[in-house]
Amino acid sequence: MEEPLVLDTLAQEEIDIFENAAGTDPAVLFAAAYRTFAGPVQGYLKARGVDDPEAVTQDVFMAFYPRIGTLTGGLQGAKSLIFSIAHARMVDHYRRLERRPQLTAYDPQHDGRTTPSAEDQAAELTGGAAAMLEGLSCEHQEVLALRVVADLSIDQVAAIMGKSAGAIKQLQRRALQNLKAQTLKRNQANHE
């Protein structure tokens, strides 16, 4: 058999490391195996459709490292072990996919419900705070917004609106009465 014209010195160096593995530091063997097989393992995993071949390649070599001490067969033994681990990881990947529920995006045009959701009904009934305040006078809206929404005291609201504390109390009482009456009227209309 003819020798190639250009020798791959890196590959030959890796072969020599594995052939003289007796007493060699496991880290040296691991580094040689990684340099030699990381690319092909990643290519294998990518060709087999694994979602994240880089991460699975790292998992393969992390599983390979503790087994270096019991490794036999030199470079071919390492190759067999590494690719058997890669194959097992690929099988695990597809088993996880089979167990994972199928998710589909929500498409409102394909929603076959004939009644609106409870959330939609509640939103329609209340219409939000702004809608509730619409039927009130400007002063009533202002006093409720300052007292309830802004959580200001009666004295603070009186200073802002330029009225006495007694006038603010009276405005608030009337605003709440009007709001209650409007809410009752809306609820009765919705139930009829």
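**Exercise 1. Decide whether Phe-64 is buried or exposed in this predicted model.**

Solution. Start with the cut-offs: buried means under 20% relative accessible area, exposed means over 50%, and partly exposed is what falls in between (1.4 Å probe, protein chains only). Phe-64 comes out at 0%, so it counts as buried. Now try Phe-61: its relative accessible area is 1%, so that one is buried too.

A bit of housekeeping before moving on. Residues are numbered from 1 along each chain as its sequence is written, and side-chain values use heavy atoms, with hydrogens and water left out. Since the model is predicted, local features need pLDDT of at least 70 and side-chain atom pairs count only at pLDDT 80 or more, while totals for chains, interfaces and linings use all residues.

**Exercise 2. Work out how the ring of Phe-30 sits against Phe-61 and against Phe-64.**

Solution. First, the rule: rings of Phe, Tyr and Trp (its six-membered ring) pair if their centres lie within 6.5 Å; planes under 30 degrees apart are stacked, over 60 edge-to-face, and the rest tilted. By this rule the count is 7 aromatic pairs.

Step one, Phe-30 with Phe-61: the centres are 6.1 Å apart and the planes stand at 85°, so call it edge-to-face. Phe-30 belongs to helix H2 and Phe-61 to helix H3, so this pair ties together parts 31 residues apart in sequence. (Helices here are DSSP runs of H or I with at least four residues, strands are E runs of at least two, and both are numbered from the N terminus.)

Step two, Phe-30 with Phe-64: here the centres are 6.4 Å apart and the planes at 25°, so the pair is stacked. Again distant parts of the chain get linked, with Phe-30 in helix H2 and Phe-64 in helix H3, 34 residues apart.

Step three, zoom out: ring pairs join Phe-30, Tyr-34, Phe-61, Phe-64 and Tyr-65 into a cluster.

**Exercise 3. Find which residues touch the most other members of the largest nonpolar core, and which elements supply that core.**

Solution. A nonpolar core is a set of buried Ala, Val, Leu, Ile, Met, Phe, Trp, Tyr and Cys residues joined through side-chain atoms within 4.5 Å. The largest one has 21 residues, and those touching the most other members are Phe-37, Val-41, Leu-45, Val-60, Phe-61, Phe-64 and Ile-82. Two or more residues each come from helix H2 (26-47), helix H3 (53-64) and helix H4 (74-99). Apart from this core lies another one of 14 residues, including Leu-136, Val-143, Val-157 and Ala-158.

Next, pick Val-60 and list its partners. With contact taken as heavy atoms within 4.5 Å, and neighbours within four places in sequence set aside, Val-60 meets Val-41, Ile-82, Ile-85, Ala-86 and Arg-89.

**Exercise 4. Show which side of helix H8 is buried.**

Solution. H8 covers residues 154-161, and its buried residues are Ile-154, Val-157, Ala-158 and Met-161. They span an arc of only 105° around the axis, so they lie on the same side of H8; that arc is taken from the directions from the helix axis to the C-beta atoms. Why does such spacing work? An α-helix has 3.6 residues a turn, so residues three or four places apart point the same way.

Turned away from the buried side are the exposed residues Asp-155, Ala-159 and Ile-160. The buried ones pack against helix H7 (138-149) and helix H9 (165-191). Just after H8, Gly-162 takes a positive phi of about 70°.

**Exercise 5. Say where in the chain confidence is lowest and where it is highest.**

Solution. pLDDT is the predictor's confidence in each residue, from 0 to 100. The chain averages 80, and 78% of the residues score at least 70. Helix H1 (residues 9-19) is lowest with a mean of 58, and H3 is highest at 94.
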